[in-house]
Amino acid sequence: MAVTTLPGTSNVEVSAGSARSGRRPPRAAAHRAASWLLAVTAILVGLMMLLPIIWMLFTAFKPEADIVTYPPTLWPRELTIDHFIDVWNRIPFARLYVNTIIFAGGVTVISLLFDSMAAYALARIPFKGRGIVFVGILLLLMLPFQVTLIPLYDMLNGMGLTNTLPGLIVPRMTNAFGIFFLTQFFLSLPKDLEEAARVDGASEWRIYWGIIMPLARPALLTLGLFHFQYNWNDLLWPLVMSSEVETSTLPAGLALFMGQHVVEYGLLMAGSLLALVPVILFFLLIQRSFVAGIATTGLK
């Protein structure tokens, strides 16, 4: 079918006029519908992933009668803060909080130092057997922690480190995943700056601390979040190493509310909600660096 235009009017002007008339091409409409569908799907998936946290939040403020009622309800019919008061009175919650901060924070700081030193040696210093060492680290990464739990406990018990915070921290001072993670990041960094520093006479320690570490800030913060979250939520290791509540951590202390026949859900939810706050704050503080570290680690 031929397209006719008025004298003095170009095809471009006709197309612009039809666009201004409000008509959308079929491809643009399909793209807009796909975008809306993707957004709705993402929102639904996000709500499904947040449902346990939302349930924990509402349950922490429910009376015990509403928690055990059937059928269960998400929205509380009555709000109460009795569970938060009871969890502070039933166990030394403040002491457990401090112990957990010392344990998770100490492991995070020390492990970042040792992991970065080992990763720098593997990524930047050529030495004989470097590949064998790296393969050994990968094998340790695949080894379950439960395999070494009993021998490690026997060794620390013989040294008198059970029921102590140093006994919790010392075995976690380095991590195979952290060494692998930082090694991949260090391999992605350009070598021009450190080669220029070597020409100027800088030592390996000066290059590591003054050049590599500032460049690795996103990866260090990302790995720090992983270490902090893992050790903050760890239950098995503190439960094995600490038989006294005064030297235990929050997950082990909250486990006291789970008996064989009775589970105090309100106290558990209130304590878990309070225990979740530091991890959320840590993530919010390093959110941008966390995304940058995940996006750039292992890329050349």
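In the predicted model, Arg198 is partly exposed, with a relative accessibility of 31%. Arg198 takes part in a salt bridge with Glu204, in which nitrogen and oxygen are 3.0 Å apart. Glu204 is likewise classed as partly exposed, at a relative accessibility of 33%. Arg198 also forms a salt bridge with Glu194, and here the closest N and O atoms are separated by 3.3 Å. Glu194 and Arg198 are both part of helix 10 and stand four residues apart, a spacing of about one turn of the helix.

Glu194 in turn is paired with Arg124 through a salt bridge between their side chains, with an N to O distance of 2.4 Å. Arg124 belongs to helix 5 (residues 93–124), whereas Glu194 belongs to helix 10 (residues 192–199), so this pair ties together parts of the chain that are 70 residues apart in sequence. The relative accessible area of Glu194 is 2%, and the residue is therefore buried, the cut-off being under 20%. Arg124, with a relative accessible area of 7%, is buried by the same cut-off.

Through shared partners, the salt bridges join Arg124, Glu194, Arg198 and Glu204 into one network.

The axes of helix 9 (residues 176–188) and helix 12 (residues 217–233) come within 10 Å and cross at roughly 165°. Because angles over 145 degrees count as roughly antiparallel, helix 9 is assigned as roughly antiparallel to helix 12. The crossing of helix 9 past helix 12 is right-handed.

On the side of helix 9, the contact is made by Phe177, Gly178, Phe181, Leu182 and Phe185. Helix 12 contributes Ala219, Leu220, Thr222, Leu223, Phe226 and His227. Sorted by class, the contact between helix 9 and helix 12 contains eight nonpolar residues, three polar residues and no charged residues.

Definitions and conventions: Residues are numbered from 1 along each chain as its sequence is written. This is a predicted model: local features need pLDDT of at least 70, side-chain atom pairs count only at pLDDT 80 or more; totals for chains, interfaces and linings use all residues. Side-chain values use heavy atoms; hydrogens and water are left out. A salt bridge is a side-chain nitrogen of Lys or Arg within 4 Å of a carboxyl oxygen of Asp or Glu. Helices (H or I, at least four residues) and strands (E, at least two) are DSSP runs, numbered from the N terminus. Buried means under 20% relative accessible area, exposed over 50%, partly exposed in between (1.4 Å probe, protein chains only). Axes are lines fitted to C-alpha atoms, for helices over the stretch in contact, and angles run from 0 to 180 degrees between N-to-C directions. Angles under 35 degrees count as roughly parallel, over 145 as roughly antiparallel, 65 to 115 as roughly perpendicular and the rest as oblique. A crossing is left-handed if the near helix is turned anticlockwise from the far one by less than a right angle, and right-handed if clockwise. Contact means heavy atoms within 4.5 Å. Ala, Val, Leu, Ile, Met, Phe, Trp, Tyr, Cys and Pro count as nonpolar, Asp, Glu, Lys and Arg as charged, and the others, Gly among them, as polar.
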